[in-house]
Amino acid sequence: MRDRIVLSSVLLLLASGCSATPAAGVASVWIPVPTATGIRPGMHLSPSTPVAVDPELSGFDGWPLVFDVVAAPPGTPCTIELTRDGVSLATLRGTTSASSCEATWSARAADGSRLPSGPVTVTATLSGASNETLTSASGELALVRVGVTTLELGGDAGARQPLLYRATAGQRDGFFEVGVAHPVFSMGPSSTESGGTALALADGSPRAVPAIWEDLLSPPLDPGTRDGVSASQYSLPAAYVAGSEPSLTTRTSTSDAMPAAIELRLVPPPDLAIEGDDAVRDGGMITLATLGSPVPAVDRYDVTWAFSFEARPVGGEWQPMPGTFPIGVRIYGLAGVPVFGYATLPHRTWVDVIDRITGWIDGTATTPSETAALLVQHIYEDTNLRYDTASGASFYTDYPGRGFESAVFSMQDYEERANGRIVNCSDAASILSSYGSMAGVDLRYHILTSRFGLSVGFDLNFIRAIGMPAFDDTPFDSGRGGFRYHAIVGTPDNRTWDATLALDGDANPAASPFEMLLAQSLAPDRYLGALSSEAANIRTDLDEKVRIQ
């Protein structure tokens, strides 16, 4: 009597409705079938099974294939087979429980090679004690290739700043500017490739995701482009004023074999938010905002944005795709907008210089004043420079006129130490002013002379010149104890900065003992009083930016 009631209920279900053709990833509705000994198990593809995967995504550890089961005793044998166009790709022994049959597939061929993108049919079969089929169910899935192939960084006007490589392909004056509109990340075929795609090489193997470019002098090269620089496979640095919140624009790519019945969407990492459409299409653009600044201070930040994806059958539920697509980008945080007195190249922030500066500062400064103070300290302490005690002559700075106007700093020579490590005050002022300009600090060189003329000069209290082991009031080999002139650096707020020397900062700078005082944001009278006993006779001329070459 009980079996008759169950059978009547089943017949009522069969006669009570109809169904449309199931979408991709959804098997036909199953109905338990009564037998003489009870109800035959039922099964269908679980909504938790990802309908699409890309085994080339980082961290992909297999395709979880789950079928929901009803009325199957635990331990019932279960087999899951993957096929394409009737050809078997893999046969897996499933793990069964009272509610599921599960297996994990590598999504690769038996030899470990990548399978071409395209649809995959998955079929699960429950077997009885005599190996008879109790029930089976199928679903349509897909192998895809998906990724982010271009990343542009934008934001508020004036936030992103251009960067300059100064020796492209090792060539002196080989300037290459990474402008504010230049994508920071791109992957795709080089100019000499044929048959490849943005995500795959011509033979179908995955294209490597570009790592952060580590060469500080030259961008990656491609001899087939007009300028010899790669336009398709790179991760180049960007520079932003500290505290900026860049916007991102990504270009996504999918395999040509992407089934029309499956949709993909981008899932951003926690520090990004999608603005607008999140649909992943081949060549489609997605805009994102940063949730907080990735460059909170003056520092070098190697940021990794690990994008992930979700898939669904059209109109179905979204399911996470295993793995991520990580993109690494280097962003330099600046103290402010770089301040140069000239618009021509190479008056930009040099990649190798800002890398050194941010390494010095290491996130301990956010303002121009804090940055300038640390520049003074590190130039004075960490550059292995030594003051010219023979004559105080400049080695990297030239004054092309009759006076001190329009100073020219041979910065490339200096960076290569082409003239050695001996410097004078003009060189130290040029270094400090140029480094400050590149980091976003407005540092201008001034010239100190005696109001009675260059031939008279002014005397010195005890100073410790750059690279010298001790304080001395007669720092020159000749025993001379004065300067004809002295180059320093000033800021618009009338503060004094000097990387050439340390002052005696105690109450009596003309005698021992000595208290080390670096010239970091000193008021002019404080600086001059510590520098010379003739401070009242010192005049300050010029307020200029050095021209670099």
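A salt bridge is a side-chain nitrogen of Lys or Arg within 4 Å of a carboxyl oxygen of Asp or Glu. In this predicted model, the structure holds 20 salt bridges. Side chains of opposite charge can pair when their charged atoms come close.

One of these pairs joins arginine 114 to aspartate 54, with 3.6 Å between the closest N and O atoms. Aspartate 54 is buried, its relative accessible area being 0%.

Arginine 114 also pairs with glutamate 56, where the closest N and O atoms are 3.8 Å apart. Glutamate 56 lies in the loop between E4 and E5 and arginine 114 in the loop between E9 and E10, so this pair links parts that are 58 residues apart in sequence.

Another salt bridge brings together the side chains of lysine 545 and aspartate 442, at 3.4 Å from N to O. Lysine 545 is found in the loop between strand E38 (538–544) and strand E39 (547–548), and aspartate 442 in the loop between helix H5 (425–439) and strand E31 (444–450); the pair therefore ties together parts that are 103 residues apart in sequence. Are these two residues, lysine 545 and aspartate 442, buried or exposed? Lysine 545 and aspartate 442 are both buried.

Note on methods
Residues numbered from 1 in each chain as written. Predicted model: local features only at pLDDT ≥ 70, side-chain atom pairs only at ≥ 80, totals over all residues. Heavy atoms only, no water. Buried < 20%, exposed > 50% of the residue type's maximum accessible area, 1.4 Å probe, protein only. Helix = DSSP H or I, 4+ residues; strand = E, 2+ residues; numbered from the N terminus.
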